[in-house]
Amino acid sequence: MRRVVTASPIALLAVLMSTVPLVAQSIPTPESVLGFVPGTDRKLVEWPVLVEYYQQLAAASDRVEYRELGKTTLGAPFVALVVSSAENMARLDEIRAANQKLADPRLLASDAEREQLIREGRAIVLITSSIHSTEVGGHFAPAIIAHTLASDNSPAVRRILDETVLLLVPSLNPDGVSIVARWYNETLGTKAEGAGPPELYHHYVGHDNNRDWYAFTQVETQLTVDSLHNVWHPQIVHDIHQTSARGARYFVPPYIDPFEPNVDPLIVQGYSALGTSIAWELLGQGKTGVIVSARYDAWTPARAYQHYHAGVRILSETASAELATPLRLGIEDLAGRVRGSDPTTPTWNFPAPWPGGRWGLGDIVDYMTAGAFALLRNAAVNRELWLGNFVRIGERAVRGWEGWPYAYVIPRDGQDAARLSTMLGILQRGQVEIRTARSAVAADGEQYPAGSYVVVLRQPYAAFAKAMLEEQVYPDLRLYDGGPPQPPYDVTAHTLPLLMQVQVALLKDSVDVSLSEPVAIPLPRYDYPGVTASQEHARVALYKSYAASMDEGWTRWIFDTWGVPYTSLVDSVVQAGNLQERFDVIILPDMRDSTIIKGLPTSRYPAPYAGGIGVAGIVALNQFVEAGGTLLAFNDASIFAIGALDLPVKNALAGKSNEEFFAPGSLFRLDLDTDHPLARGMPGQVAAWFERSPAFEVERTRRARVIGRWAADPDRVLMSGWVLRPEEVAGRAAMVEVSVGQGRVILYGFRPQYRAQTLATYPLVFNAFTGSAQ
C-alpha cells in the first residue's frame, strides 16, 4: 500500500522521475485512470473505469496482455490479463502446450521429456478477485498487482515474471462491481452508507456465484473454466475474498477438516504448505491478525474446481470494513470463537492477534496485495516443485487410485434427455472423458446395451467424475467430544445422479468390452412443458424482496432458462392487493418469515427498500388464495405461509437444537403420492434437497393432502450427505397441499430448485402451474 507523504507533490514527482527507470515511468498508474489511489476511503468506481485502466496498462507494457473472454450476464466485458516477462510473453503458446503435456501425462513421450518440461516449464498461477462484489477491496487489489508487475524491475518481481505466467481475472463478477459501486456512491453521506445494495450483486445468484464451480450454470463460471482453467491448467489458483469485519484480519489455508476424499493428498499438502508460507511472510512484514486452519473447510467441489484438476486453490479472506467506509474496532468488538478461530486469543494457528484500531479499504487492499505477492514469490522460487507434483498427481490419476472402481456406466435408454445431457455436460466441461460401449456391458448385476456411456476412472480428471457421481458420506464431526455437530462451511452433498435423477451403475473391475474414443455430449434442451400452443399458461409471479434472496435469483435463472413466463413481485405490489386480478400462482422463495414480513431495516434503508410486505401484504396474500390463487412456499417460506394463512400444519422440528436434529445440506429420500397431479410423471421415490428445512405435522382435516413424505425407515432417509437423528423426520410430511377458500397453498419442506441442480424435483414446481390458469 502506498504511504501518504507530506512533501510537495512537485518535489516528490521530481524525485520519483529521477529514480524510476524509463519503462516504469511509461506505465500508467491506477490513479491516473481511477482518479485516486486504490484503497482510498469512500472511493469506488464502476467496472468500465477499471476496464479502461487494464486496457491502457496492456497497451503500455510488453509484460501484460488484455483479453476479453466474453460477455457477462448483463453484457459487460469479462476480462483476464496475462502477465509475465516479455520473453515469456513472446512464447506463450509454447509454454501453454508444454503445460498441457504435464497436465495429461499420457501426452509425454518419455521420462526425459517429462523431466525437461519440469525443468524448463513455467508455473501457471490463476488469481481471481471480486466474485462477491461487496468485498470491495477485490475491486482494486488486481490493479495494484498488475501495475507492480508491469512497472517494477526489482529482482523479486523479475523472478516472478521469469518463472511464472500469471492469469489475472480482475473480477469474476463485473456486473456486481458496478451494482455495488453505483449503490455506494448514491448513498454516500446517508444512513445507508456502507450497507449492501437492496438487490443481488450477481443478477441471478448473488453470493452463490462462488458455489457454481461444478454445476457451471452461470456464464461467468463457464468463461473462467473454458478459457482459463481448461486451457492453461494452473498449478495454483488464488481466490481473493473478504470476510467479517469482526474476526481475524486475514485467512489462508490450511483448511479445517474435512477435505473431500477424492482430492489427491499432494493437493492437500500443497495448499497447506503454501497457505502457511503466505501467513509466515505476512507476519514477517508486521501484519497481525493472520490466521490459518480456521472456519473454512475443503469439502465441497462447488468452491474448488482446481482441486480435481491437479492444482491447489488458495482461498484468502481479508476482514471487511463497511464497503469503502472505514471502521474503528476495539478488541472487545471482535467476534467470539467460530470454527477454530478466536480473534482475541493467540493460538498456534493465530499467534499474533490484531490489537484493534482503525480498519479501512486501504488496509484491506494492502493485506490482499501482500498475500498475492507472497503467493507469487513462492510459485517462482518453488517452480520445479509445483510442476513436478502437478504431473505426479496426473500420473496417479491415470494409473487409478487403489481401491477405486474401474468405471461408471450410464445407460441412455429410459433416461430423461435434459437431465442426462445436463449431468454428462457437467462432466464434460470438467474435462472428464466420456466414452460409449461398443457392445453390451454388465454393471451392478444388470446388463446395459451397446451405446451406453462409460466413464473410466483411469484418466487425468477421474477425481472430478468420482466426486460428482458417488454418494457422499460426510463425517460426524463435533465441536468437541460429545458436543454439538460442527457445521460444514457450505453443504455436505453433491451427488449428480441423485440431484438430477439419472441412473448410474458402478463397474468395480475392468471388463473386456471395447470402448469408443471420447464422445461429445449434446447440449441439453430445456423446454417448460406448461407452455403449448393449445394451452393457456398460468400467470406466475415470483416474490422478489429487497432483502435479496439467492433462492429467488436461482428460481429466476431456472425460469429464464426453461422458458417459464413470470413476473417479479415486489413489496409495494403485494401490499396494493388485488393480486388475483393479475396472477394465478405466486411463489415465495426460501426466506425466513421475519424477512418476508419486515424486510430490510428502516433504520438503515430508505423507501421503497425497507419494510417487507408487512401486515398489508399478509392480508393481500390471504385474499389472493381465498379468491382461487395458488401460493407456493419453498423451504423456510413454508413457516411464513403456515402462520400468515393459519394453516392446519406445524413444523415438527421447531425449537430442536442441532444436537436433537441436524441436516446441513443433504439429499433425503422422498416418497411421493404419484396419484396426485402435483406428482404427475414422477417416480414413486426421488431425492430431495434438505437444508435446515421444516418437517410437517398435518392435522386431520380434509383441507390438507400430503403429496410427499420422507422415508419411513430412519436408516433410509439419508441418500447422500449428513444427518443426525433422522428418526425426527422419518415418515413426516415433506410436501403438503392445503385448500384455503377457493385456492390452495403448497408447502415444500425442501428446496425443489436448489442452486439449479435438483432437476429431479423441478416437476413438483412445474406441475403446480398446470391447471392453475384462470
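Arg249 sits over the face of Trp354, 4.0 Å from the ring centre. A charge counts as over a ring if NZ of Lys or CZ of Arg is within 6 Å of the ring centre and within 35 degrees of the ring normal. Arg249 also lies over the face of Trp359, at 4.7 Å from the ring centre. The model is predicted, with pLDDT of at least 70 required for local features and 80 or more for side-chain atom pairs, while totals for chains, interfaces and linings use all residues. Residues are numbered from 1 along each chain as its sequence is written, and side-chain values use heavy atoms, without hydrogens and water.

Rings of Phe, Tyr and Trp (its six-membered ring) pair if their centres lie within 6.5 Å; planes under 30 degrees apart are stacked, over 60 edge-to-face, and the rest tilted. This rule gives 35 aromatic pairs. Phe634 and Tyr748 form an edge-to-face pair, 5.1 Å centre to centre with 90° between the planes. Phe634 belongs to strand β22 (residues 630-634) and Tyr748 to strand β30 (residues 743-748), so the pair ties together parts 114 residues apart in sequence. Helices (H or I, at least four residues) and strands (E, at least two) are DSSP runs, numbered from the N terminus. Phe634 and Tyr748 are both buried, meaning under 20% relative accessible area; exposed is over 50%, partly exposed in between (1.4 Å probe, protein chains only).

The ring centres of Trp710 and Phe750 are 6.0 Å apart and their planes are at 70°, so this pair is edge-to-face. Trp710 lies in strand β27 (residues 704-710), and Phe750 in the loop between β30 and α23 (762-769), 40 residues apart. Trp710 and Phe750 are buried.

Ring pairs also join Tyr526, Phe559, Trp562, Tyr566, Tyr762, Phe766 and Phe769 into a cluster.
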